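Biologist: I am new to this structure and would like a close look at one part, the salt bridges.

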Amino acid sequence: MAEDKPRLARLTAMLTQLQARKIVTAKEIADKHQVSIRTIYRDIRTLEKSGIPIVTEEGKGYSIMEGYKIPPVLFTQEEANALITAEQLVRKNKDLSLTEQFESAITKIKAVLKYTQKEKTELLSSRIQVRNNSEHEKTSSYLIQLQSTIANYQLVNINYLSLDQQVSQREIESFALYTTNDNWVLIAFCRLRKDFRSFRLDCIQNMEIMEEHFSPHNMSLQQYLEQCREKYQSTPDIPMTQV
């Protein structure tokens, strides 16, 4: 494999990659930087010799020792441009919680940009226009909270108004989220129906996150989607709502 990227740049990028995930495999690092796994083994040893406390988990991968922090890497102009573009896209999203939290995050990111980058990103921001959702409509505000319930396996109680105007109260175990046609949809195990169902976030009237935790479902999102395809072979898309 060609090693076009200078080694110093690759080592710096590897540190960022290791900080971004709990554990990263040698193959994932090699694939990202388009080098051999043997090269990554050498790079890991170099980082260890320089004093970086890298933890090796046999059969799993690498991580940086908990509590060890490295100063943030400066963004390239291209990376800064990508963030500004993402900002414009997120602003038009219909979930208020996502737009608010992203605005807070992007403000912190802009704070570490170099002075010249700030001037360029401000210009770029004024020259990008996203035309979907031109009315800036916000139809839900639960996305960020539901992401937390997925990560923490917390039970959620919702009042739900279906598209055919049927009202119901559900205890659900959040599993995954997807977006389609500008709408966010939650896949969750419904304790009332004793099966997985899809809930549009803009149909949730109110929501309470419970203290109770549920056991993780022994299934990946990809496995769930494959089951749906088998079940709904005559339908091109997964049903938007199943209540």
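Biologist: Is D43 buried or exposed, and at what relative accessibility?

Modeller: This is a predicted model, in which local features need pLDDT of at least 70 and side-chain atom pairs count only at pLDDT 80 or more, while totals for chains, interfaces and linings use all residues. Residues are numbered from 1 along each chain as its sequence is written, and side-chain values use heavy atoms, with hydrogens and water left out.

D43 counts as buried, at 0% relative accessibility; buried means under 20% relative accessible area, exposed over 50%, and partly exposed in between (1.4 Å probe, protein chains only). D43 forms a salt bridge with R7, their closest N and O atoms lying 2.9 Å apart. Here a salt bridge is a side-chain nitrogen of Lys or Arg within 4 Å of a carboxyl oxygen of Asp or Glu. This pair links distant parts of the chain, 36 residues apart: R7 is in helix α1 (residues 7-20) and D43 in helix α3 (residues 37-49). Helices (H or I, at least four residues) and strands (E, at least two) are DSSP runs, numbered from the N terminus. R7 is partly exposed, at 37% relative accessibility.

The structure holds 13 salt bridges. One of them joins K27 and D31, with 2.7 Å between the closest N and O atoms. Both residues are in helix α2 (residues 26-33), and because they are 4 residues apart, about one helical turn separates them. D31 is partly exposed, with a relative accessible area of 46%.
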